[in-house]
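This briefing describes the structure shown below for a reader who is new to protein models. The points are grouped by topic.

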Amino acid sequence: MSGFEELVVAFGFPFMRRAAAAGTLIAIMCALLGVFVVQRRLSFLGDGLAHAAFGGMGIGAFVIVSTGLLAQGGALLRNPLWVAVPFALLTGLGIAWVRDRTELSSDTAIGVFFAVSVALGVLFFSRIHPDTNIGVNVMDLLFGSILAVRNTELLIIGGVALVAIAFLWVRWGALAYATFDDELARTDGVRSRLLEYQLFGLAAVVITVSATVVGIILMAAYLVIPAAAARLWARSMASMTAFALCIGTSTTLLGVAGSYLFDLPTGSAIILTQALVFVLAAFTQRR
Amino acid sequence: MSMPARAAAPVPVVHVHHVGVRFGDAQVLDDVSFDLDAGHFLAIVGPNGAGKSTLIKVALGLITPQRGHAALFGRDAGDVPDQIGYVPQLKTFDRTFPATAVELVVTGLRRSWPARPTRQERERAVEALAQVGAEGLAGRVLARLSGGELQRVYLARALAREPALVLLDEPATGVDYLAEHDLYDLLERYQARSGGTIAMVTHDLAAARYHASRVLVLNRRVFGFGLPADVLCDACLQEAYGHVGHTHVPHTHAHGARR
């Protein structure tokens, strides 16, 4: 059987189709967010908020177990995401607040929240009895398990993607203007401070939902590599966004397909495909 | 019998009323007041840290003063954005941002970053660039432009919306003599063409004397406001700067000062 035929068979499996769909939606959200993250020199934000997701998932898992929801709750209530998303949202807004109201730099603010979130995650996961099946594997959380995406998670990712894409579509011009020159944008009525809080809040939600699928450790790559490679080819913010979308989605599909064909870990295959494109962009960049 | 109607006093283009700004413990502006009428070219001069840029930002509504208020055309700056063209210090923008000159000029028309400028926007932007002799820069990437070229693009952006007031924050910083000369030439042509008003922060006292019709000498508070010849005197500058030294302003100029 040729490689192409193998792939046709592979994408006949529902788990492969769910993986491709989830990966593509995450790639679109991360590419759209990533161009602003990279241009605002916030690459560490992906790591920070992904680790906030770890803290939130730990708290969520503890709450579900200790309140009995694990045994009695519905599918959504048994998913620690309902605690992790608001926790990460608060973390994102907290980072934005520290940037806005103190003289600390972004990486310092992110570093503080990053460390606290990991500590909280470890603390709350340690309070759960090892034999309790909470539906969340800490190793999967760290390194991702995109092939194990369930319909519930795909629905959640789809819902978040709808909101994120709509917001970024509508506010793209204002966000790009404020990213270029915050002061100039404000003279033209752009409410850049509010926009920054919205951007951090949205990034927190997108990253939390995505990190549970692609893994906390690999999450930052999704956000940064396609946008960074796109920057090397782009002459305008619009073309950077378009390149980032193409790179993010194509490398995701190639990574999922490659991982099946060559029996590789899917998350690693996607990130390494992105890295190959980045190397190509670095050697062929437009000056 | 009705009373004869009194002619209403014209609203000043820039109205600054007892403005006080404090950043932490530092008093940056203290009881600053002045009015600038239409058609004038105001130079705001003063030593480093005098609050010149802060004053421009108060006028633009970027900084809210703790005391007093500022108005442009009798209203908050945010209410009249189409009447204001702003040229910020060149150092404020991100040089790694992927953008072409024409896109930056279109922000002056659209007040948002264009994903894809329309044909009409592009034509108007190129026209604005041509006004400042920079039509050849339209497709160039901003990061590759020199200080003088960038300054022209920013000026084209400010003039594209045909503003009644142009505010400039140290526009000649980091550009060479010829580019600086061209800038003042362009500003004077703008005034001659549109009768607009200009307010410019500058460190160049000679340029203030030669090009401005009004000068504000500032060092946290107002040390002088009026005609260049009256305000840029050694005694006034001595008081504002602490010493005059090499900042001494030439009183004679090949073309004479403006009135």
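How many residues of chain A are in contact with chain B, and how many residues of chain B are involved? In this predicted model, 22 residues of chain A are in contact with 22 residues of chain B. The points below begin with this interface, then take each chain in turn, and end with the nonpolar core.

**The interface between the chains**

- On the side of chain A that touches chain B, at least two residues come from each of α8 (151–180), α9 (182–187) and α12 (237–262) of chain A.
- Helix α8(A) supplies seven residues, the largest share of that side of chain A.
- Sorted by class, the side of chain A that touches chain B consists of 10 nonpolar, six polar and six charged residues.

**Chain A**

- Chain A contains 13 helices and zero strands.
- With a radius of gyration of 19 Å, close to the 19 Å that the globule rule gives for 287 residues, chain A is therefore as compact as a globular protein of that length.
- The C-alpha trace of chain A spans about 55 × 55 × 30 Å along its principal axes.
- Of the 287 residues of chain A, 50% count as buried.
- When contacts in chain A between residues at least 6 apart in sequence are considered, 77% of them join residues at least 24 apart.

**Chain B: overall composition**

- The secondary structure of chain B comprises eight helices and nine strands.
- Chain B has 259 residues, of which 45% count as buried.
- Among the contacts in chain B with a separation of 6 or more, 67% are accounted for by residues 24 or more positions apart.

**Chain B: the three-stranded sheet**

- Three strands of chain B form an open sheet in the order β2-β1-β4, and their pairing is antiparallel.
- Strands β2 (26–36) and β4 (67–72) of chain B stand at the edges with a single partner strand each, so one side of each has no neighbour in the sheet.
- On average, neighbouring strands of this sheet are turned by 20 degrees against each other, direction ignored.
- Strand β1 (residues 14–23) of chain B pairs with β4(B) in the antiparallel sense over five bridges.
- The bridge partner of B:H15 in β4(B) is B:A71.
- Helix α1 (residues 52–60) of chain B lies across β1, β2 and β4 of chain B, and this helix runs at about 120 degrees to β1(B).

**Chain B: a hairpin**

- Strands β8 (residues 214–219) and β9 (residues 221–226) of chain B are paired in the antiparallel sense over five bridges.
- Within this pairing, B:L216 has B:F225 as its bridge partner in β9(B).
- One residue lies between the strands of the hairpin of β8(B) and β9(B), where B:R220 takes a positive phi near 70 degrees.

**The largest nonpolar core**

- In soluble globular proteins, nonpolar side chains tend to be buried together.
- The largest nonpolar core has 184 residues, and the members that touch the most other members are A:A53, A:A88, B:A59 and B:V105.
- Helix α2 (residues 14–39) of chain A gives the largest share of this core, 16 residues.
- Leaving aside residues up to four places away in sequence, A:A53 touches A:A84, A:A88, A:I207, A:T208, A:A211, A:T212 and A:I216.

Technical notes:
Residues are numbered from 1 along each chain as its sequence is written. Chains are lettered from A and ligands numbered from 1 in the order in which they are written. This is a predicted model: local features need pLDDT of at least 70, side-chain atom pairs count only at pLDDT 80 or more; totals for chains, interfaces and linings use all residues. Two residues are in contact if their C-beta atoms, placed from the backbone, lie within 7 Å. Helices (H or I, at least four residues) and strands (E, at least two) are DSSP runs, numbered from the N terminus. Ala, Val, Leu, Ile, Met, Phe, Trp, Tyr, Cys and Pro count as nonpolar, Asp, Glu, Lys and Arg as charged, and the others, Gly among them, as polar. A residue is buried if 20 or more other C-beta atoms lie within 10 Å of its own, exposed if 12 or fewer, and partly exposed in between; C-beta atoms are placed from the backbone. A nonpolar core is a set of buried Ala, Val, Leu, Ile, Met, Phe, Trp, Tyr and Cys residues joined through C-beta atoms within 7 Å. Two strands pair if DSSP finds at least two bridges between them. The radius of gyration is taken over C-alpha atoms; the globule rule is 2.2 Å times the number of residues to the power 0.38. Axes are lines fitted to C-alpha atoms, for helices over the stretch in contact, and angles run from 0 to 180 degrees between N-to-C directions.
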